[in-house]
Amino acid sequence: MNKPSRNQYAKTPLYIEIETTIMCNATCWFCPQKNTLRQPKYMEEWVWKKIIDDTRGIGAIYRPFLLNEPFADKRMTSVVEYIKQDPTAKVEFNTNGSMLTPKVTDKLLDIGVDVMRFSIDGLYKETFDESRGISYDKVYKHVAYFLEQVQLRKAPVQTEVRMIKLPNTEQEQKEFKSYWEKHKPDDIVFTDLYSYPWENQTSSTQLPCLKTEKELFFYVDGTATLCCWDSEGRQIIGDVKKENALDIWNGQEMKRCRDLLDAGNREALELCSRCDAYTNTDFSNWEGFDYQNYLKTAKTTKVIPIVKDLADVD
């Protein structure tokens with residue numbers, strides 16, 4: 001069981017997620033993206049540049065996506081180039097792979113990308129088509145090309161291929177693993193299907209939350225949200241158009257939310273009042289939280305999977 005501990009929050013975030021577009025070409029039935037009406041469709045250039053400029057030199061890991069497909073934004077290689085002007089910065093992607101053409105792959109590897117995760121979610125075409133709604137052939141071709149180029153170039157890129165453990169796919173998961181092992185990604189991961197807050201959830205679990213520890217999230221309009229699972233903007237903590245990104249991270253609204261969450265008081269926050277994330281996490285080492293008392297009094301017993309420090313949007 002995951003058993004995190006906390007002494008104090010860092011003065012700067014480790015991960016910075018930037019929703020440069022709200023667009024996604026997939027139609028995954030389990031993702032709330034298709035119901036999101038945020039505007040504009042693309043983040044203004046000066047806004048994403050400001051976020052990066054505000055956070056230069058802190059050794060951040062940038063994730064230029066949130067509730068979207070990153071390569072639906074044709075500016076993405078320019079975004080990565082801008083991030084990489086900072087030698088301390090790293091870049092991570094989660095992508096469905098369909099828009100990661102060989103041309104984009106070559107450009108990204110020339111610039112330097114650090115982590116690439118491919119969310120594929122099916123080996124059988126019928127499973128894939130049902131869950132993604134995008135071209136099976138394109139995805140498999142693009143992912144294979146990226147992995148091949150990483151090996152040919154000996155590029156220092158961490159690669160991962162992942163599949164959600166959809167119902168009745170146990171045998172397919174075994175075959176998926178065998179298939180992708182031949183292409184030599186660094187990791188092949190099977191993740192549990194989970195629900196976003198307010199997506200069929202009617203209560204919360206009164207536990208702390210790991211999402212405010214290391215991660216800062218920006219919507220396409222420049223507002224910052226408390227959590228990557230906030231699909232509808234229920235917990236806004238700042239606006240980078242009006243504030244410095246690090247001032248948002250260290251601001252009063254972020255502190256208020258952290259204090260409530262550290263005490264396990266999710267019901268006091270609209271977003272978190274319908275979230276049961278981290279139910280299977282042992283918070284006995286979490287400073288200021290009485291985990292043993294929680295175990296005695298907890299009413300919410302449903303367990304949902306921990307997403308291992310990722311904004312799993314694809």
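This is a predicted model: local features need pLDDT of at least 70, side-chain atom pairs count only at pLDDT 80 or more; totals for chains, interfaces and linings use all residues.
Residues are numbered from 1 along each chain as its sequence is written. The pLDDT, which is the predictor's confidence in each residue on a scale from 0 to 100, averages 91 over the protein, and 94% of the residues score at least 70.

Helices (H or I, at least four residues) and strands (E, at least two) were taken as DSSP runs and numbered from the N terminus. Burial was assigned from relative accessible area, with buried meaning under 20%, exposed over 50% and partly exposed in between (1.4 Å probe, protein chains only). Helix α2, residues 76-83, is mostly covered, six of its eight residues being buried, namely Met76, Thr77, Val79, Val80, Tyr82 and Ile83. These buried residues of α2 pack against α1 (45-54), β3 (61-63), β4 (90-95) and α3 (102-111).

Strand β6, residues 158-164, is likewise mostly covered, with six of its seven residues buried. Two strands were taken to pair if DSSP finds at least two bridges between them. Strand β5 (residues 115-119) and β6 run parallel and are joined by five bridges, and Glu160 in β6 is the bridge partner of Arg117. Five bridges also link β6 to strand β7 (residues 187-191), again in the parallel sense, and Thr191 in β7 is the bridge partner of Ile164. Within strand β7 lies Ile188, which is buried because its relative accessible area is 17%. Residues up to four places away in sequence excluded, Ile188 touches Val161, Phe176, Lys177, Trp180 and Glu181. By contrast, Ile188 and Asp221 are 33 residues apart in sequence and 34 Å apart in space, C-alpha to C-alpha.

Aromatic pairs were defined by ring centres within 6.5 Å for Phe, Tyr and Trp (its six-membered ring), with planes under 30 degrees apart counted as stacked, over 60 as edge-to-face and the rest as tilted. A search of the whole structure finds 16 such pairs. The rings of Trp29 and Phe30 have centres 5.4 Å apart and planes at 80°, and the pair is therefore edge-to-face. Of these two residues, Trp29 is partly exposed at 45% relative accessibility, while Phe30 is buried at 16%. One aromatic cluster is formed by Phe128, Tyr136, Tyr140, Phe176, Tyr179, Trp180 and Phe190.

A charge was taken to sit over a ring if NZ of Lys or CZ of Arg is within 6 Å of the ring centre and within 35 degrees of the ring normal. Arg56 lies over the face of Tyr82 at 4.6 Å from the ring centre, and Tyr82 is also one of the buried residues of α2. The charged end of Lys211 sits over the ring of Trp229, 4.9 Å from its centre.

The structure holds zero disulfides, a disulfide being a pair of cysteine sulfur atoms within 2.5 Å. For Cys24, which is in no disulfide, the nearest cysteine sulfur is that of Cys28, 6.2 Å away; Cys24 is partly exposed, with a relative accessible area of 23%. Cys31 is also in no disulfide, and its nearest cysteine sulfur, that of Cys28, is 6.1 Å away; Cys31 is buried, with a relative accessible area of 10%.

Terms used:
Side-chain values use heavy atoms; hydrogens and water are left out. Contact means heavy atoms within 4.5 Å.
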